[in-house]
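Please consult the sequence and coordinates shown below alongside the text.

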Amino acid sequence: YRPIVYKTTDYGETWVSIAANLPNESVNVIQEDHKNPDLLFVGNDKAVYVTIDGGENWTRLKNNMPTQPVHDLVIHPRENDLVVGTYGRGFFITDISPLQELTLEVLDQEVHFFNIEPKVQWVIPRENVVSSQNYSGENESYGLIINYYLKNSVNSDVIVRVYKGERMINELRGSGSAGLNSVEWRMDARREMTEEEKARWKLIYADYLEQPYTKFQEVSYHDFEFDPPNYQNVPFDPESPEHIGIQQPPGDYTVKLSVNSLEWTRKAVILKDDWYIKYY
């Protein structure tokens, strides 16, 4: 009932313990990241622990994962996600891209803007029943996740702006809390709704309250047309519509992070759904 974790750098001639500050629990599995060899994950009978310095310091990966025996870990080579197999609660999946870039040097910076992972703009057929409707669980976020690190909390606004060429198409507000933070860009351009659009949406939303799923799908996607018409053109807050999101096409975009009047820039890429097959 203690952590036994060793590493070797000479093909097994000598071994060094990297258990460090792991709790007194037996370790069931260990995985080394495929991009950053100093990024390691272990699973014991209660949780997942991570180290960014090759095992000198370990931290529990928590967030919304309950206390569970972790029996297996896999890092998906394409999706760049950590897949956690548990005994009793199925499996959990989390994006580890910011951890791959997180080093002791990064932690010493006041602000760090992480590279943005490309995201496929999945095409979801609405007319046909799909097998995923039987899936019992939570899907990952639809949009691109924009991660940044703050060494200390900031009182000023943290602003994320998205550009298509020279034109700003969206502006998001982020948290000013110390540590790792993220905002989601849902691949859309943001604009204010006209008074006519607001009035029309209120009529549609009244129908939606009566028949939440079917009516909302039929009316908002096929009748509530904007310029250009697109099924993603629905208000951010259906109950109090003020802004509209117009889905943007696959391609390259520029994202700028603004903190304390300083600015950092990263490239964002929306990928086309090459798996989608249109039968009609």
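**Salt bridges and sheet pairing**

The structure holds eight salt bridges, a salt bridge being a side-chain nitrogen of Lys or Arg within 4 Å of a carboxyl oxygen of Asp or Glu. The model is predicted: local features need pLDDT of at least 70 and side-chain atom pairs count only at pLDDT 80 or more, while totals for chains, interfaces and linings use all residues. Residues are numbered from 1 along each chain as its sequence is written, and side-chain values use heavy atoms, with hydrogens and water left out.

**Charged pairs**

- Arginine 173 forms a salt bridge with aspartate 157, with 3.9 Å between the closest N and O atoms.
- Arginine 173 lies in strand 14 (residues 167-174) and aspartate 157 in the loop between strand 12 (144-150) and strand 13 (158-164), so this pair ties together parts 16 residues apart in sequence; strands are DSSP runs (E, at least two residues), numbered from the N terminus.
- Arginine 173 also forms a salt bridge with glutamate 171, the closest N and O atoms being 2.8 Å apart.
- In arginine 186 and glutamate 184, the closest N and O atoms of the salt bridge are 3.3 Å apart.
- Salt bridges that share partners join Asp157, Arg161, Glu171 and Arg173 into one network.

- Four strands form an open sheet in the order 3-4-5-6, with antiparallel pairing; two strands pair if DSSP finds at least two bridges between them.
- Strand 3 (27-32) and strand 6 (59-61) stand at the edges, each with a single partner strand, so one side of each is left without a neighbour in the sheet.
- Five bridges join strand 3 to strand 4 (residues 40-44), and valine 42 in strand 4 is the bridge partner of isoleucine 30.
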